[in-house]
Amino acid sequence: MTTTPLRVGLVGAGRIARMFHLPILRDLPDVRLVGVCDPDPGARRTAAEMASGAAATADLAELLADGATDALVICSPPSHHRGAVEAALEAGRHVYVEKPLAVTLTDAVAARDAARARPELVAATGFNVRFHPAVRGAFQRLREGQLGDLVAVRGVMTSSPRELPGWKRDRATGGGALLDLASHHVDLVRHLLDEELVSVSARLRTVRTPDDTAVVQATTASGVPVQLLVSSSSPQRDQLELVGTSATAQVDRMASHRVHLHRDLAPTSTLDRLRTAKSVAESGLRGTAERLRPPAEPSFAAALRAFVAAASRQAPWRGADLGDGLASLRVIDAAARSAAGHGQPVTLTGDPSDTASAR
């Protein structure tokens, strides 16, 4: 059975959009990339050349006016997300908006409320890491109880030093390690543990650009301690460790598609020892192969495929919605307030989806 391709407009044609979103959307068989919108002439021209046949414009209203799009993928700077989301939803378009959902809680609440007003439309926050196979593996292990009771969570996310665009140098427009990087791991903790963070403290450091490094300490509603280190001034890493009473699960997004489980189970018989030796040998061979040729990062493509399927009514959307985007930003905002207060803990109260508590 064939379906009509989803007509998608790309809003924002910066580095990440050209690396991931644009080529993925261009090559999906059930998508027709019909338009690219960016105020920068150079970025717009490059994107239009990559997306052969797509109209290029500097004006979002023009992209929405002719009715040629069914959905928008928004990759503009975060300070512009609210306006683009509201315009798209008001025009009846499905929306996939990159994280963070917004820079301020006021804007995030407004974007979330716009989505609530149009429940027939898919409104997704681009927390693509949820779709990584290793993260999905960790999610399954947790739900199956293979880790036992959760003891703690620890994460490291860094991005290699490079020349940053102006908006990434200023928190007011979406810059800094908390918004750019920590927002991912905050969402993963909420997603994997299925609970909220209720206490947050943070310290910021400037290595190359303002606030490009942060350490976040947090506690979940059930008391699980969480420690996150994020920096845009160190070679790229993205690792998450879930420490349980029965086993520890390790996710290394850049190095492996598999979740690695570590148990403290000493073999008690010759057969157990042989099985353990076989497992260790196989794991070692796979690990060596992955280090020699790290697998391609699949989560961007998986997230966009899932969004297209949901917007085309082929499957429900099972990723993050705009409420999740607001909940993550609420924690990031608390971390920023803690850092401004010399690391004093900030307590988060109320329902994170409630407008009053979010403000």
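**Exercise 1. Is R313 buried, partly exposed or exposed, and what is its relative accessibility?**

Solution. The structure is a predicted model.
Step 1: locate the residue. R313 sits in the loop between α9 (299-311) and α10 (322-340).
Step 2: read the accessibility and compare it with the cut-off. The relative accessibility of R313 is 55%, and exposed means over 50%. R313 therefore counts as exposed.
Step 3: look at the backbone. R313 has a positive phi of about 65°, although it is not a glycine.

**Exercise 2. Find the place of D211, then decide how D211 is classed by accessibility**.

Solution. 
Step 1: D211 belongs to the loop between β8 (197-205) and β9 (213-220).
Step 2: its phi is positive, about 55°, and D211 is not a glycine either.
Step 3: D211 has 31% relative accessibility, so it counts as partly exposed.

**Exercise 3. Describe the peptide bond from K99 to P100**.

Solution. 
Step 1: the bond is cis, and its omega is near -10°.
Step 2: P100 is placed in the loop between β5 (94-98) and α5 (105-116).
Step 3: Leaving aside residues up to four places away in sequence, H184 touches K99, G126, F127, N128, V129 and M157.
Step 4: H184 has a relative accessible area of 9%, so it is buried.

**Exercise 4. Work out how L6 is placed in strand β1, and what β1 pairs with**.

Solution. 
Step 1: L6 is part of strand β1, which covers residues 6-11 and has 5 of its 6 residues buried.
Step 2: L6 has 5% relative accessibility and therefore counts as buried.
Step 3: β1 pairs with strand β2 (residues 31-37) in the parallel sense, over 6 bridges. Within this pair, G9 stands opposite G35 of β2.
Step 4: list the contacts of L6. Not counting residues up to four places away in sequence, L6 touches D30, V31, R32, D70, A71, V308, A311 and S312. For one of these, D30, the separation from L6 is 24 residues in sequence and 6.2 Å in space, C-alpha to C-alpha.

**Exercise 5. In what order do the strands of the 8-stranded open sheet lie, and which strands are at its edges?**

Solution. 
Step 1: the order is β13-β12-β11-β7-β10-β9-β8-β14, and the pairing is mixed.
Step 2: the edges are β13 (260-263) and β14 (346-347), each of which pairs on one side only.
Step 3: recall the general rule. Strands of a sheet pair through backbone hydrogen bonds, either parallel or antiparallel.
Step 4: β8 and β14 run antiparallel and are joined by 2 bridges. V200 has V346 in β14 as its bridge partner.

**Exercise 6. Compare how α5 packs against α4 and against α10**.

Solution. 
Step 1: take α4 (residues 81-90) and α5. They pack at an angle of about 10°, with axes 9 Å apart. Angles under 35 degrees count as roughly parallel, and α4 and α5 are therefore roughly parallel to each other. Their crossing is left-handed.
Step 2: name the contact residues. α4 supplies R82, V85, E86 and L89, while α5 supplies T106, D107, A110, A111, A114 and A115. By class, this contact has 6 nonpolar, 1 polar and 3 charged residues.
Step 3: take α5 and α10. They pack at about 170°, with axes 9 Å apart. Angles over 145 degrees count as roughly antiparallel, so α5 is roughly antiparallel to α10.
Step 4: name the residues again. From α5 come L105, A108, V109, A111, R112 and A115, and from α10 come L322, G323, L326, L329, R330 and D333. By class, the contact of α5 with α10 has 8 nonpolar, 1 polar and 3 charged residues.

Methods
Residues are numbered from 1 along each chain as its sequence is written. This is a predicted model: local features need pLDDT of at least 70, side-chain atom pairs count only at pLDDT 80 or more; totals for chains, interfaces and linings use all residues. Side-chain values use heavy atoms; hydrogens and water are left out. Helices (H or I, at least four residues) and strands (E, at least two) are DSSP runs, numbered from the N terminus. Buried means under 20% relative accessible area, exposed over 50%, partly exposed in between (1.4 Å probe, protein chains only). Two strands pair if DSSP finds at least two bridges between them. Axes are lines fitted to C-alpha atoms, for helices over the stretch in contact, and angles run from 0 to 180 degrees between N-to-C directions. Angles under 35 degrees count as roughly parallel, over 145 as roughly antiparallel, 65 to 115 as roughly perpendicular and the rest as oblique. A crossing is left-handed if the near helix is turned anticlockwise from the far one by less than a right angle, and right-handed if clockwise. Contact means heavy atoms within 4.5 Å. Ala, Val, Leu, Ile, Met, Phe, Trp, Tyr, Cys and Pro count as nonpolar, Asp, Glu, Lys and Arg as charged, and the others, Gly among them, as polar.
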